[in-house]
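Here's a quick briefing to read with the model open beside you. Take it one topic at a time, and find each spot as you go.

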Amino acid sequence: MSKKPFYITTPIYYPSGDPHIGHCYTTTACDSIARYKRMQGYDVMFLTGTDEHGLKIEQKAAAAGVTPKEYVDGIVEKFKALWNCMNISYDRYIRTTDDYHVESVQKIFKELYDKGYIYKGEYSGKYCTPCESFWTDSQLDENGCCPECHRPVALAKEEAYFMKMSPFADRIEKLLLDTDYLRPKTRAVELVNNFIKPGLEDLCVSRTTFKWGVPVSFDEEHVVYVWIDALSNYITALGYLNGAHDDFDTFWPADVHMVAKDIMRFHAIIWPAMLMALDLPLPKHLAVHGWITFNGEKMSKSLGNVIDPFILSERYGADAIRYHILREMALGADSSFSNEIMINRINADLANGLGNLVSRTVAMADKYFGGTLPIEREADAVDDDFKAVILGLCPAVDGYIDETKIKQALEEIFKAVDRANKYIDETEPWKLGKDDSKKARLATVLYNLLDGIRIISALLAPFMPTVMPKVWEQIGASEDDVKYENLGKFGVLPENVTVHKGEILFPRIDVEKEIAELNELLEKSMADAKSKLSADEKGETAEPIELAPEITIDDFAKVELRVGKVTACEKVKKSSKLLCLQIDDGMGGRQVVSGIAKYYKPEDLIGRKVQFVANLKPCTLCGTESNGMICAADTADGVKVIFVDDSIPVGSKIR
């Protein structure tokens, strides 16, 4: 019998800066659900990725002196490093620069155009560059700024393609109000009142003022605007209208899309409208969560209040950080982050609760029975209540996972942890151990605790996948013992189970000392982030700069900078550092040798426009003549060629 499919997605993250703890909730939550469903026996597809097009990326890349693709490549590697650090088990990673995605987006756009849902017009409205969103005057906040990020907007006017939205308004309203598509349901009324009741406006779906995007196949002056490009990833990643993958029929419609509240509108209104226009089934659920906040504000690089998850994970382990952020946030609500909240949560739940339960139980089995329990048993009425709590755990957690209520699922599991610790107090095994006639009773108590820990830890494994196998080793549980089909049964461990004392799972933290040290670390991290942000905004590096001796305007006038286009490029045979570039300089062409082979492949440069020193005295480098010098910048990441906007003619003088 084939497994039942389950498809869960995060949004694809916009790589405009380094990832931080605020990025972690959605991916960790989806990872936990995906792991839980795999444990239940589902055939899971867990998708995440990056949304890599748009004006902001183009601008940041230009400021950094690199191509947009080079810019996003660097950020994507940092996101992947974070997911590895947080033990994220995604099945597929999509980038909107992937060839197969571009192919599908162009076909989707053309299909919507051919069906009459997309038409050409002119757009005039208020545009927010960071959010890549147009807004009407009525939608702006009280200061006339973007209602999402509250930054200034600019009047934008350009030729654009639009998608008709009004044909889908009634169906979307029913979807939001009459079904459980949107979670929590309270968000539905807000969307209907703010966007559908006033009249669903047509959606701008192309841009002409920048080039970094998917070209419209039948009108290449236009690039596909972000939301048709980005939202389509959920189906293109499965092979819709491309040959890269072939599991669309298996996994679509998605079981769960999970997103933060700032992109809820796009997933609750625009995405269903696109699918309706394409005659495709709608996703089953859209789960919307709040933000991880710091001092009441959303974590954001632009605010300089980001918390470095690499620091936290290295200090406490990924499982502790995963548990903390998942336990603190109720679906739909914000979650405040502070060092105090995090440390106290780790101490209370993980060190004093779960960790103490495991270490006490294993230590008593080792002390009183040399690690291996005898098979003689003596039951008591108090056992029944404890077993009932443990046996009720799996159905309760199943229900919460199905409703994407992770906080409640964890609360339910830790109620069982508390009940197990109470069971120890009720049965007083330290007293039983002093009386040889009570050894059968003591063995029963310890066995019940070990088997209870087996069920608790197995249910926690999707949320804390690194530490729970260590628990199983300590309590003597095999892989079969912790399989899902055994989590509704008591008495699965062997009667003569053998425990193995191990390391402390969650060492208790000295709160005052740790908070002081952590504050110092995080303050430095935040200060570095603010410094880097300030430098980025000014087009500077964060390091102090020492200038060469001053020159006069007459000195500068001696250097002639021109714009040229690289028409051919190859490595210099006698050197590992040099590239030989053929430049169309508007004056008949020239050859320039540049020491950038370590940083660029020849094909990276062909067709690009560059700045070069046009009146430099010719010289010969490794037997190859050079007539000029390519302008480049020294950065922390190496040498970056300074490329020129393609609209500037070759031969243009730079002054």
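Let's start with a pair of strands: S6 and S8 run antiparallel to each other and pair over two bridges. In that pairing, Phe-162 sits opposite Cys-204 of S8. Keep in mind that you're looking at a predicted model.

**The sheet around S6 and S8**
- These strands belong to an open sheet of four strands, and its order is S5-S4-S6-S8 with antiparallel pairing.
- Which strands sit at the edges? S5 and strand S8 (203-204) do, since each of them pairs on one side only.
- As for how such sheets hold together in general, strands pair through backbone hydrogen bonds, in either a parallel or an antiparallel way.

**The other open sheet**
- Six strands make up another open sheet, and here the pairing is parallel, in the order S3-S2-S1-S11-S12-S7.
- Its edge strands are strand S3 (92-95) and strand S7 (182-183), each pairing on one side only.
- Look at strand S1 (residues 5-9) and strand S11 (residues 256-260): they run parallel and are joined by two bridges.
- Ile-8 has Val-256 in S11 as its bridge partner.

**The whole protein**
- Zooming out, you can find 22 helices and 25 strands.
- The C-alpha trace spans about 105 × 60 × 50 Å along its principal axes.
- The protein has 655 residues, and 54% of them count as buried.
- Take the contacts with a separation of 6 or more: residues 24 or more positions apart account for 75% of them.

**Nonpolar cores**
- The largest nonpolar core holds 106 residues, and the ones touching the most other members are Tyr-316, Leu-354, Leu-459, Leu-460 and Phe-463.
- A second, separate core has 80 residues, including Val-102, Trp-135, Ala-188 and Leu-200.
- What does Leu-354 touch, once you set aside its neighbours within four places in sequence? Its contacts are Asp-349, Phe-414, Val-417, Ile-456, Leu-460, Met-464, Met-468 and Phe-506.

**Helix H2 and what follows**
- Helix H2 (residues 55-64) has these buried residues: Leu-55, Lys-56, Ile-57 and Ala-61.
- The buried residues of H2 pack against helix H3 (68-85) and strand S4 (118-128).
- Just after H2 comes Gly-65, with a positive phi of about 75°.

- Find Lys-107 in helix H4 (residues 99-114).
- Is Lys-107 buried or partly exposed? Its relative accessible area is 38%, so Lys-107 is partly exposed.
- The side chain of Lys-107 makes a polar contact with the side chain of Glu-103, at 2.8 Å.
- Lys-107 and Ser-217 are 110 residues apart along the chain, yet their C-alpha atoms are separated by 8.1 Å.
- Now go to Asp-141, in the loop between strand S5 (133-135) and strand S6 (154-163).
- Asp-141 is buried but has no salt bridge, and the nearest side chain of opposite charge, Arg-151, is 10 Å away.
- What does the side chain of Asp-141 reach? At 2.9 Å, it reaches the backbone nitrogen of Asn-143.
- Leaving out neighbours within four places in sequence, Asp-141 is in contact with Cys-146, Pro-147 and His-150.

- The peptide bond from Arg-183 to Pro-184 is cis, and its omega is near 0°.
- You'll find Pro-184 in the loop between S7 and helix H6 (186-196).
- Trp-252 and Pro-253 are also joined by a cis peptide bond, with omega about 10°.
- Pro-253 is in the loop between helix H9 (248-251) and S11.
- Thr-404 isn't a glycine, but its phi is positive, near 55°.
- The loop that holds Thr-404 runs between helix H15 (393-402) and helix H16 (406-427).
- With a relative accessible area of 3%, Thr-404 is buried, because buried means under 20%.
- Glu-428 isn't a glycine either, and its positive phi is near 50°.
- Glu-428 lies in the loop between H16 and helix H17 (429-432).
- At 27% relative accessibility, Glu-428 counts as partly exposed.

Note on methods:
Residues are numbered from 1 along each chain as its sequence is written. This is a predicted model: local features need pLDDT of at least 70, side-chain atom pairs count only at pLDDT 80 or more; totals for chains, interfaces and linings use all residues. Side-chain values use heavy atoms; hydrogens and water are left out. Buried means under 20% relative accessible area, exposed over 50%, partly exposed in between (1.4 Å probe, protein chains only). Contact means heavy atoms within 4.5 Å. A polar contact is a pair of N or O atoms within 3.5 Å; within protein, one must be able to donate a hydrogen and the other to accept it, and residues adjacent in sequence count only if both atoms are side-chain atoms. A nonpolar core is a set of buried Ala, Val, Leu, Ile, Met, Phe, Trp, Tyr and Cys residues joined through side-chain atoms within 4.5 Å. Lys and Arg count as positive and Asp and Glu as negative; His and the chain ends are not counted. A salt bridge is a side-chain nitrogen of Lys or Arg within 4 Å of a carboxyl oxygen of Asp or Glu. Two strands pair if DSSP finds at least two bridges between them.
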